[in-house]
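Could you walk me through this structure in the viewer, one selection at a time? I would like to know what to click on and what I will find there.

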Amino acid sequence: MKKTLIALAVLGSVAGVAQAQSAVTIYGKLDLGVTKLSGDASDAAKATKLQGNHSSRLGFKGTEDLGGGLSALFQFENRFNADTGTQAGDALFSGPAYVGLAGGFGSVKLGRNWSTVDSVSSAAIDPFEGDGIGGLNALTRARINNSVTYYTPEFSGFGAQAQYILGEQPAGAVAAGTDNDGYAVAATYNNGPIYLGLGYGREENSNDSDVWGVSGSYAFGPAKIALGYDQRENEEVPNTEKTKNLVVAGTYEIGAGLVKAAYNQTRDGADNTAITGFSGTFDKIQKVSIGYQHNLSKRTSLYADIARTKVTNPGVSDTANGVGVGVTHNF
Amino acid sequence: MKKTLIALAVLGSVAGVAQAQSAVTIYGKLDLGVTKLSGDASDAAKATKLQGNHSSRLGFKGTEDLGGGLSALFQFENRFNADTGTQAGDALFSGPAYVGLAGGFGSVKLGRNWSTVDSVSSAAIDPFEGDGIGGLNALTRARINNSVTYYTPEFSGFGAQAQYILGEQPAGAVAAGTDNDGYAVAATYNNGPIYLGLGYGREENSNDSDVWGVSGSYAFGPAKIALGYDQRENEEVPNTEKTKNLVVAGTYEIGAGLVKAAYNQTRDGADNTAITGFSGTFDKIQKVSIGYQHNLSKRTSLYADIARTKVTNPGVSDTANGVGVGVTHNF
Amino acid sequence: MKKTLIALAVLGSVAGVAQAQSAVTIYGKLDLGVTKLSGDASDAAKATKLQGNHSSRLGFKGTEDLGGGLSALFQFENRFNADTGTQAGDALFSGPAYVGLAGGFGSVKLGRNWSTVDSVSSAAIDPFEGDGIGGLNALTRARINNSVTYYTPEFSGFGAQAQYILGEQPAGAVAAGTDNDGYAVAATYNNGPIYLGLGYGREENSNDSDVWGVSGSYAFGPAKIALGYDQRENEEVPNTEKTKNLVVAGTYEIGAGLVKAAYNQTRDGADNTAITGFSGTFDKIQKVSIGYQHNLSKRTSLYADIARTKVTNPGVSDTANGVGVGVTHNF
């Protein structure tokens with residue numbers, strides 16, 4: 001949905017547009033609204049807040065035709081909180097940040113890149129894109145540092161990718177909070193109304209995790225239904241050895257509007273949705289989200305989301321309700 | 001004075017300027033000079049320094065016509081110190097950072113925005129804009145996080161605004177350093193040579209402050225005279241229950257030059273002017289500032305400012321003199 | 001090698017390119033590759049890493065014609081690590097950040113600027129530009145905060161510059177880690193195949209250092225040979241009173257390729273090359289670097305570098321070998 005903006009490169013004379021030789025695309029998003037939680041969330045979480053469904057962002061990207069079918073490409077993207085002007089995430093460019101080459105062989109990207117598993121697991125079909133009041137739980141990290149990712153060309157809708165993650169740790173060093181080498185592979189099928197994705201990843205950290213993800217969607221007319229499932233198996237931490245996450249979602253276009261609904265269930269995992277704020281690991285987390293997005297243009301929309309989250313442990317059952325209304329502007 | 005720069009959006013072909021569909025405005029300011037304090041300021045404050053009258057900045061803003069008289073708008077602005085390249089302020093975008101909508105009803109902005117009271121109090125008519133050697137004292141914060149601000153359309157020069165500030169604290173939480181909900185209202189009159197502003201704000205923090213501000217200016221030929229007054233009343237801190245701030249200022253255009261002069265008096269308050277650096281609360285603070293700005297173009301100017309600050313408490317009377325010369329470039 | 005990109009300023013109508021009135025140049029670099037050290041480096045240093053030969057960057061710069069031969073100029077540049085998206089260096093804009101004026105008299109720049117000595121010492125002729133696996137040792141800081149630098153016009157290839165550095169410390173304050181006032185002067189000769197540079201700088205910090213630098217190069221056809229030497233003398237620290245650094249380098253163009261080779265020897269100094277990572281001060285540091293850069297275009301290149309570093313102290317002699325391959329893209 002990001003409308004790209006090409007800043008013209010004109011060397012010598014600003015009137016000589018035909019001399020344009022270089023390009024960088026500047027893009028971004030501003031997203032802010034008012035959110036309110038109620039129920040069993042903490043008092044701090046229940047304060048009325050100004051925050052966006054997504055973090056706001058400012059990005060720079062470009063491609064260069066190198067001839068012979070080869071091209072260079074790059075992208076890097078800052079995330080920020082427009083309510084306070086502060087940096088979002090743990091890096092100046094906590095969105096993607098990579099450089100790469102593309103050609104007949106496909107493409108290769110080096111740097112901080114989208115996670116291969118995340119891109120085909122339940123996160124891929126979350127109509128709330130993981131964020132905001134309605135955002136669903138996921139077991140995968142959205143972006144991966146120090147990664148080398150290869151993408152095949154698409155053949156008849158089929159595509160695949162392989163990602164190698166440099167842990168940058170000495171051999172044998174395995175400590176919590178640091179990540180050693182890992183890898184991931186995924187395959188996708190995109191053809192008309194059908195989307196399917198399947199991926200597996202291995203993270204050689206203190207948990208030595210295997211992560212599986214699968215997702216699919218089918219569109220018929222204004223409606224789309226989607227299903228996603230991910231599973232994380234930790235070899236080294238017996239008490240939470242296997243976490244499972246399921247998403248069932250649907251969207252329906254009504255004129256300039258889009259209705260979204262989703263059910264999400266996590267077994268033996270933590271609630272990673274930023275806004276609800278239940279902390280710890282639970283036997284079962286269930287979330288129902290309903291949202292409406294009204295497009296004022298291709299770049300600007302208003303939204304209203306409601307969600308109910310229930311976390312269950314032996315002898316404990318807490319619920320929180322959330323509501324958020326806001327505006328998103330892409331540039 | 002910010003000359004806007006529109007980076008053209010050209011989708012498909014860089015030669016097809018007529019296809020432009022999207023725009024972001026990139027703007028900024030570089031400001032650096034040499035400053036020197038003397039008198040009773042601390043030894044550290046008296047070191048000769050390279051610093052600007054204002055922090056340098058890089059901003060991004062844009063509007064989108066949504067049809068039917070409605071438009072979307074956004075702005076976010078980084079502040080930095082060009083002498084060291086470091087971030088200025090406590091956020092990546094410590095200037096404004098907001099998204100909003102505008103139409104026949106006026107406009108609404110969500111985010112980190114200019115303070116409604118600040119925009120009509122003594123700060124509004126400080127010819128030194130609050131910064132640098134000549135900058136005057138003020139009782140209001142320049143920008144407000146987590147704010148929702150509504151601006152009426154202007155009718156015959158009359159305008160008004162109302163600002164609601166989300167404290168994002170649980171009900172009943174009142175702690176120093178954190179801000180709870182607050183609000184502010186202001187009215188302005190702008191017509192030919194006359195400007196008038198009046199505002200009131202309530203901050204529900206540990207001090208529970210009421211802030212009043214009023215300002216006015218009158219221009220005749222190359223001259224402009226201005227008067228501003230603000231008052232802050234703290235309910236919860238008896239010893240500094242009321243702070244008063246007065247500004248009398250004048251400017252005079254001479255060809256490409258602008259002469260500035262101001263007198264500022266604060267009663268029972270702290271010296272918030274960054275460069276003088278007297279700390280603590282004083283019975284009386286008096287400052288006289290004189291400056292000359294020479295415009296090399298609409299975007300670039302040289303400046304020279306001198307100022308004398310005197311702080312008075314029972315048995316104490318300290319003065320500091322300051323001088324600064326520098327260059328400002330807007331892009 | 002930085003291709004500039006001029007974002008057109010069009011006020012009023014995006015179709016009216018001839019109305020362009022303002023310009024900011026947005027430029028940058030993405031650089032990432034895989035590096036590997038072996039030998040006597042620490043286990044942590046020997047982990048395979050994704051990192052660039054240079055830090056990636058995003059810069060903004062511009063000039064404004066003020067008439068009468070005078071112009072305003074500015075530049076500020078962020079450095080970041082594209083492997084993680086994190087800020088590189090100790091400031092948001094840790095590259096240059098300055099504003100200045102240029103005219104018949106030459107030019108003056110205020111702010112964080114390139115070091116005058118660095119620009120003419122061994123660093124000036126390092127074909128690896130100080131960074132990456134092949135980067136050579138240097139005794140000078142690349143960029144200087146709080147500096148005022150004057151550049152003469154060039155006459156028949158001769159040019160000179162003088163730099164004053166404000167320490168911003170009270171008189172008499174001399175502490176390790178803080179820098180007091182300093183200054184530097186340099187002269188250069190650039191004419192056809194010949195380049196010569198000579199500079200001297202004085203840093204009034206806890207070491208009270210005198211820094212000398214000299215460099216030269218001669219090009220004949222596709223080949224260029226270069227020689228550089230710098231010396232740092234510390235008055236206040238007897239044990240490391242004099243450090244000497246020598247660089248001998250050569251490059252050879254083969255079609256779209258560039259072969260680089262260099263030998264570097266430091267006496268009584270520390271290894272400041274970021275990647276090798278030997279810490280402490282050594283009697284002798286020797287480095288041999290060989291690299292090949294293949295230009296896919298004027299903006300994009302692939303590179304492969306190997307280097308061997310040997311550090312020697314009485315009774316100690318350690319060596320590390322490094323290899324790195326990667327891609328650089330300028331925009």
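Keep in mind that this is a predicted model. Start by selecting B:Asp271, which is buried but forms no salt bridge. Its nearest side chain of opposite charge belongs to B:Lys287, 6.0 Å away, whereas a salt bridge needs the atoms within 4 Å. What the side chain of B:Asp271 does have is a polar contact of 2.7 Å with the side chain of B:Thr273. Leaving aside residues up to four places away in sequence, B:Asp271 touches several others, including B:Asn137, B:Phe278 and B:Thr309.

Now hop over to chain C and pick strand 2 (residues 23-39). Of its 17 residues, 12 are buried. Which strands pair with strand 2?

- Strand 19 (residues 316-330), joined by 11 bridges; look for C:Ser38 opposite C:Asn321.
- Strand 4 (residues 56-67), joined by five bridges; here C:Thr25 has C:Lys61 as its bridge partner.
- Strand 3 (residues 49-51), joined by three bridges; C:Gly33 partners with C:Gln51.

For the last stop, select C:Leu73 in strand 5 (residues 70-81) of chain C. Is C:Leu73 buried or exposed? C:Leu73 counts as buried because its relative accessible area is 13%, under the 20% cut-off. Show its neighbors too: among those it touches are C:Gly62, C:Tyr98, C:Leu101 and C:Lys109. C:Gly62 lies 11 residues away along the chain, yet the two C-alpha atoms are separated by 5.7 Å.

Notes
Residues numbered from 1 in each chain as written. Chains lettered and ligands numbered in written order. Predicted model: local features only at pLDDT ≥ 70, side-chain atom pairs only at ≥ 80, totals over all residues. Heavy atoms only, no water. Buried < 20%, exposed > 50% of the residue type's maximum accessible area, 1.4 Å probe, protein only. Lys, Arg positive; Asp, Glu negative; His and termini not counted. Polar contact = N/O pair within 3.5 Å; in protein donor to acceptor, adjacent residues only side chain to side chain. Contact = heavy atoms within 4.5 Å. Helix = DSSP H or I, 4+ residues; strand = E, 2+ residues; numbered from the N terminus. Pairing = 2+ DSSP bridges.
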